[in-house]
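Hi there,

Here is the structure I promised to pass on. Have a look at it first, and then read my notes below.

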Amino acid sequence: MSESDDSARTEFEQQAEQAELGFVSEFVLFLRENKKWWLLPLVGALLSIGLVSILAGSGAAPFIYTLF
């Protein structure tokens with residue numbers, strides 16, 4: 001093996017030994033690296049719709065319906 005193969009392998013091994021990132025931190029790194037900031041409002045809207053739909057089936061439903 002050449003020296004470049006050794007350095008690439010050791011870098012790969014170092015990356016493999018690092019602690020895994022969580023879903024949220026990995027998503028933030030994706031947004032930052034790929035400049036996809038327009039995804040934030042979409043994800044926020046989907047999360048809020050999901051939250052409202054979950055709360056609509058609970059005892060909080062009368063309070064939610066007064067907001068609309």
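In which helix is Phe23 found? Phe23 belongs to helix H2, which covers residues 23-34. Please keep in mind while reading that this is a predicted model.

Let me begin with the overall picture. The protein has four helices and zero strands, and from the N terminus on its elements run α-α-α-α. Of its 68 residues, 6% count as buried. The accessible surface comes to about 6,200 Å², and carbon and sulfur atoms account for 66% of that.

Phe23 has a relative accessible area of 72%, so it counts as exposed, the cut-off being over 50%. Together with Val24 and Val28, Phe23 makes a nonpolar surface patch of about 340 Å².

Phe27 is also found in helix H2, but its accessibility is another matter. With a relative accessibility of 24%, Phe27 counts as partly exposed, because that value falls between the 20% limit for buried and the 50% limit for exposed. Leaving aside residues up to four places away in sequence, Phe27 touches Leu40 and Val43.

What comes just after H2? There you will find Lys35, which takes a positive phi of about 55 degrees. Lys35 has this positive phi although it is not a glycine. Most residues other than glycine have a negative phi, which is the reason I am pointing it out. Lys35 lies in the loop between H2 and helix H3 (39-56). Is Lys35 buried or exposed? At 60% relative accessibility, Lys35 counts as exposed.

One item comes from a record. UniProt, in an unreviewed entry, places the feature "transmembrane region" at residues 37-65. In the model, the span of residues 37-65 is 79% helix and 0% strand, and its end C-alpha atoms lie 31 Å apart.

Best wishes

Note on methods
Residues are numbered from 1 along each chain as its sequence is written. This is a predicted model: local features need pLDDT of at least 70, side-chain atom pairs count only at pLDDT 80 or more; totals for chains, interfaces and linings use all residues. Side-chain values use heavy atoms; hydrogens and water are left out. Patches are made of residues with over 30% relative accessible area and no salt bridge: like charges are joined within 9 Å, nonpolar side chains (Val, Leu, Ile, Met, Phe, Trp, Tyr) within 5 Å. Accessible areas come from the Shrake-Rupley method with a 1.4 Å probe; for residues, only the protein chains shown count as cover. A salt bridge is a side-chain nitrogen of Lys or Arg within 4 Å of a carboxyl oxygen of Asp or Glu. Helices (H or I, at least four residues) and strands (E, at least two) are DSSP runs, numbered from the N terminus. Buried means under 20% relative accessible area, exposed over 50%, partly exposed in between (1.4 Å probe, protein chains only). UniProt positions are given in the numbering used here, feature names are shortened, and annotations may be inferred rather than shown by experiment. Contact means heavy atoms within 4.5 Å.
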